[in-house]
Structures are given as C-alpha cells and as structure tokens.
Amino acid sequence: MLLNKFAEYLKSRSDNSFQVAIQNDMDEDRSLPSAEPVVAEQAEIVEGAGMSAHPIQQAKNTCFTHFLDGAQATRRIGFHNHTVPILYAHLGAVIRQRNADRRMSTSYQAFSENLYFSFDRLDPSEMLKSGIEAKNVKVEGDGDAHPLMLLELARRAASNDRAELERKLADEWMKSSTDDEWLLWDGSITGRIEAAKHPRVVGVIKSHQTQYFGVEDQRKILSLGVGERSSVFQPRGRGWSPVYSWYLRLHSNVGRDIYFGLVRVEAAASKNTIAIADEISGWLMRERSPLALPDSRWDRMIYPIRDCEQYIKSIAPSKTMIESALAGMT
C-alpha cells in the first residue's frame, strides 16, 4: 500500500517539515455532482420541430452486455511546511460483463495509487527514489497559491486521472468488441473521439449540473413522466467530440424532486442514433430492475453500474487501512 511506503519514508527523515493530518476527511468519489459547478450550454434539437415528450415502451430484453464505471477515494494526508497539501488518491475503473446467466464478471480493470502535490513547492525526487508514486499538481501563474486552492487542484488532477483510466478501458473494449455487444458507460462519452463515434457505446449521465435550452424547453424536460424521453438534441459549445443526447425519466418523480429519476443519454451523432433512440431508451427502462439499492442514487443508477462501483470498492483500501497507515506516520 502506497501510504505504508510513505510512512516509512517519513520515519527515515530527520526533520519535521511534514505535518500529518490524522482527522478523517476521506472523500469518496469527487466526481459526484455536488463537486461540479452549475453551467449553461447551448444545444440544437435534431429530432422533430421542437422539444417534446416521446413515450417509451419497456423492452422485453436489453442489449447492453458491458458496463463501464470509475470511482476514486481521496484523502488529505498532511502538509509540507504547513503550506503544501499532500493528497492521497486511490483510483479505479472497471468494465463488467453480464453473462448469459446474468452473473457479472470482469472484462477489463485498471487501478492506481498516487500522492498529489505541487512539485514546484515540494521536490518529489526523494519520494520517487523511495518508490512512492507521485503526480505533479500544476499551478497557473507565478504567485503564491492558497493551500486550499492547491488541495482543490490536486483533487481535480486525481479526477482527471480517473477519467483517463476509464477512457483507456473503453478503448480496449472497442478494439475487441463484437457486433452484438453494447457498452453502457456511466458518464459522458464526449471526452474521447472513438467512444463518441462508436455505434454501440452509450453514456448515461446522472447529474444535471449542465443546463441546456431555455425556460420553456426546460419545463418540458422536467415535466417528463416516467417512461418518457425528450427529443434528441446535439449539445453545443463544449469543444469536445460531438454526440446526440436526450433526457429519459426512469422513475416517477411525483411528490419528489424535479430531477428524481431523470437521466441524460448520450450516443453517437448519427441518423441511426435518432432512429434507435426509442429502442435504447427501452433497454434502459428494462435495466431498472433490480433496483440499485441501498445506493442513494438508485433512481438514476442501474444495478450493473452499482455492481461496478462495489467491485472497485472491494479492491480499494478501506478507511481502516488508511487510518492505520496514517497512524504509522506520527
């Protein structure tokens, strides 16, 4: 475990320039919507004359065979000279396959452990010689950065590295997949050209931090009933790979939050995607059972994605293991 190596490294030092943070501030999965800013983007409707609701029939079967998700756990483990935060991160990504007997197995996986800090403020050479994996946190400008700003930049760097693990697994799957296999990716597929163009890769976004359209079209989207999808549209202004997208209500939100049960779907920007939007939506409606309980996001999460998350957590070091390693640093 990386933290055990770091503990041995600290014991070998004669100075007291490192301050270890014992308190529990474990932050699991900073990719959750609460960590993202709310932004407004442009979009163009590519299906029909305007935004409208399309009723969907639940499919008897689903064609999704593979499921991709990533997760991360970060922990501020201390400071150097009271000003440079050091962040520990365990990152993981996995593609799980649903077999003919509906059991899940692992097709691809990737994991990493790293410390994140600014190399400009803390020379990593001694740590690297001791076998401690470390990643540089780049800071814009030449001025002094607030420790909390450095910490947030470290978290963003870890999140970007987790996303890169996911993209690499998607690339592996696309190279070996057959025509009857479909990949459901938990998150946006716009970050990779190959995935965004692939005819059998579908992304499902559970958060709604990005708002498309004006008030009237938003009202139509948020009033979708269970089993209804919006018109297909193309998000604009991202600078990422083009995709087609639509909203789908998986569970009724009567008496609940307006976003309850609402997901946004992404697929390749092609005429075929418009033609099969109903079919893909029907597969997602079929994926509602079994429920992804006890996860608090069960209304927007399908069970195989929860299975991916649980698999990653089973491999990641537990909070107890991390606390034990930190105790060895004092």
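On a 1 Å grid over the protein atoms alone, a cavity is a set of points where a 1.4 Å probe fits but cannot get out. Its lining residues have an atom within 4 Å of a point. Grid points are joined across faces, edges and corners, and a volume is the space filled by probe spheres set on the points. By this rule there are two cavities of 30 Å³ or more. This is a predicted model: local features need pLDDT of at least 70, side-chain atom pairs count only at pLDDT 80 or more, and totals for chains, interfaces and linings use all residues. Residues are numbered from 1 along each chain as its sequence is written, and side-chain values use heavy atoms, without hydrogens and water.

**Largest cavity**
- The largest cavity holds about 50 Å³ of space.
- Its lining includes Leu184, Trp185, Asp186, Arg300 and Met301.
- Strand β9 (residues 182–186; strands are DSSP E runs of at least two residues) gives the most to this lining, with three residues.
- Seven lining residues are nonpolar (Ala, Val, Leu, Ile, Met, Phe, Trp, Tyr, Cys, Pro), none polar and two charged (Asp, Glu, Lys, Arg).

**Second largest cavity**
- The second largest cavity holds about 30 Å³ of space.
- Phe6, Phe18, Gln19, Gly78 and Met329 are among its lining residues.
- The lining divides into eight nonpolar, two polar (the others, Gly among them) and no charged residues.

**Cysteines**
- The whole structure has zero disulfides (cysteine sulfur pairs within 2.5 Å).
- The sulfur of Cys63 is 18 Å from the closest cysteine sulfur, in Cys308, so a bond is ruled out by distance.
- Cys308 is buried (under 20%) at 0% relative accessibility.

Methods: Buried means under 20% relative accessible area, exposed over 50%, partly exposed in between (1.4 Å probe, protein chains only). On a 1 Å grid over the protein atoms alone, a cavity is a set of points where a 1.4 Å probe fits but cannot get out, and a pocket is an open set with protein on both sides within 12 Å along at least five of seven lines; lining residues have an atom within 4 Å of a point. Helices (H or I, at least four residues) and strands (E, at least two) are DSSP runs, numbered from the N terminus.
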